[in-house]
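Here are my notes on this one, as numbered points. Have the structure open while you read.

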Amino acid sequence: MSKHRGFTIVTVVLALLSIAEILYFWLMPTVEPWLPPEGGHPGDQVDWLFRFMASAAALLYTFVVGYVIYFAIAFRRRRGDSPDALGPNIHDNPKLEAAWTIVPTLFVVLLSVLSIKIWYVLQVQPANGLVVESIGRQWYFTFRYPDVNGEVTSEMHLPVNVPVTLNVTSADVIHSFWVPDMRLKADMIPGMINTIRFTPTRIGRYKIICTEFCGTGHSTMDKQVMVVEPVAQYEVWYRGWQVHNAQVSNAIPTVSSGAISLTGGSASAGQALFAQKCTACHALGPFSQRIVGPGLLGVLHDPTHPNLVDGDPATPPNVAKILQNGYTGSFGHMPDEAENGLSSKDIANLVAYLNTLKVK
Ligand code: HEC
Ligand SMILES: [Cu+2]
């Protein structure tokens with residue numbers, strides 16, 4: 001008799017607890033802002049699904065754990081009970097078994113339907129959107145825009161309320177593109193393009209963070225932002241980069257074959273290009289001064305460095321060959337001309353520049 005009453009009381013308490021937990025999840029953005037407000041679509045749907053799943057999980061967890069604790073106490077062995085006393089032997093309750101099979105099955109089906117609806121939004125190309133690419137690199141992101149030459153290296157700007165198709169890949173190791181405010185995440189994998197679609201709806205500056213351990217600089221790969229701004233402001237920024245990048249070599253040069261002509265290479269153009277494309281991996285120091293690749297100050301004029309990393313003698317044509325074809329050796333991976341976005345002219349300029357360097 002008293003056990004039945006205990007059960008009723010526990011059930012009521014667990015129900016109240018569950019209601020409190022569920023309220024917490026739905027009111028959370030206001031009472032407990034540990035999730036930043038959604039900056040776009042389908043981030044709002046992602047949050048809705050998160051709250052729905054969290055509510056269901058809270059309900060299930062509270063009742064299962066609550067009853068386990070209650071039963072462990074209510075049906076414990078009492079003083080005076082025989083040590084081998086057995087409880088009543090219960091088996092087969094077809095109604096109960098059918099219920100605990102059918103209800104969870106329907107619930108899981110419901111969850112898949114709700115998830116697929118959002119997945120669909122992420123996958124289907126909007127009719128008149130903007131297509132942007134992002135490339136993960138050790139240790140920063142670059143961006144490509146239609147009709148902007150080469151790559152945008154600073155921030156990623158987007159016009160508000162315009163659907164975006166974002167294609168991501170990597171130039172070196174696996175990175176992951178994550179913008180918590182947009183509830184967006186996509187792995188950046190070398191040789192593969194992953195696509196996500198979204199519409200930013202809230203003007204602001206949102207951190208872009210790499211969430212895949214990608215080497216010693218991984219923790220610093222959170223310095224760039226996605227700027228969502230009014231269309232007119234975006235247009236100004238976009239035109240600025242069109243002008244800014246008008247002179248740089250196109251990021252996807254046609255892969256040249258055969259040896260590169262080094263005549264007419266400009267050391268000053270090479271120097272500018274070096275600062276832009278090489279200093280992330282190469283120091284202007286002796287060979288032993290390593291960032292990712294070796295220091296390049298003595299690459300052509302250092303008696304202690306007669307051969308290049310690939311074993312060939314340190315001559316301008318052999319340096320050009322490494323810039324053209326890349327090289328993977330004991331230091332790691334030196335990108336080829338396509339990955340570094342170099343034209344034959346760029347390579348001639350770079351070699352002319354490297355030829356002016358000397359270890360003191
Ligand atoms: C992602 C990092 C990375 C970038 C960017 C990069 N390099 Fe390298 N580079 C390397 C690595 C790593 C090596 C050594 C490869 C090995 O031997 O394992 C290397 C080797 C070289 C060598 C041969 C050095 C020697 O002493 O034999 C030259 C020359 C060179 N790079 C020039 C450049 C130039 C010029 C650029 C800019 C266009 C550039 N690299 C961009 C990583 C990079
Ligand atoms: Cu990374």
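Predicted model: local features only at pLDDT ≥ 70, side-chain atom pairs only at ≥ 80, totals over all residues.

1. Residues are numbered from 1 along each chain as its sequence is written, while chains are lettered from A and ligands numbered from 1 in the order in which they are written.

2. Which helix gives the most to the shell around ligand 1? That's H6, with three residues. Helix H5 (267-277), helix H6 (316-325), strand E11 (327-328) and strand E12 (333-334) each put in at least two.

3. Ligand 1 has 31 residues around it, a residue being near if its C-beta atom, placed from the backbone, lies within 6 Å of the molecule. Cys278, Cys281, Gly293, Gly329 and Met334 are the closest. Sorted by class, the shell comes out at 20 nonpolar, nine polar and two charged residues. For that sorting, Ala, Val, Leu, Ile, Met, Phe, Trp, Tyr, Cys and Pro count as nonpolar, Asp, Glu, Lys and Arg as charged, and the others, Gly among them, as polar.

4. On to the helix pair. The axes of H2 (residues 43-74) and H3 (residues 94-123) come within 10 Å and cross at roughly 165°; axes here are lines fitted to C-alpha atoms, for helices over the stretch in contact, and angles run from 0 to 180 degrees between N-to-C directions. That makes H2 roughly antiparallel to H3 (the label for angles over 145 degrees). Who makes the contact? On the H2 side, Gln45, Val46, Leu49, Phe52, Met53 and Ala56; on the H3 side, Phe107, Leu111, Leu114, Ser115, Ile118 and Val121. Contact means that the C-beta atoms of two residues, placed from the backbone, lie within 7 Å. The contact residues split into ten nonpolar, two polar and no charged.

5. Now the five-stranded sheet. It is open, with mixed pairing, and its order is E4-E10-E9-E6-E7; strands pair if DSSP finds at least two bridges between them. E4 (156-159) and E7 (184-188) sit at the edges with a single partner strand each, so one side of each is left without a neighbour in the sheet. On average, and with direction ignored, neighbouring strands are turned by 20° against each other.

6. Going strand by strand, E4 and E10 are parallel over four bridges, with histidine 157 opposite valine 227 in E10. E10 (residues 224-229) and E9 pair in the antiparallel sense over five bridges, and here lysine 207 faces valine 225 of E10. E9 (residues 204-210) also pairs with E6 (residues 175-179), antiparallel over two bridges; tryptophan 178 has isoleucine 209 in E9 as its bridge partner. Helix H4 (residues 231-244) lies across E4 and E10, running at about 140° to E4.

7. Last, have a look at E2. Strand E2 (residues 130-137) is parallel to E5 (residues 164-170) over seven bridges, where isoleucine 135 stands opposite threonine 169 in E5. Five bridges also join E2 to E3 (residues 140-144), this time antiparallel, and serine 134 is partnered by phenylalanine 143 in E3. E2 and E3 form a hairpin, with two residues between them.

Conventions:
Parallel < 35°, antiparallel > 145°, perpendicular 65-115°, else oblique.
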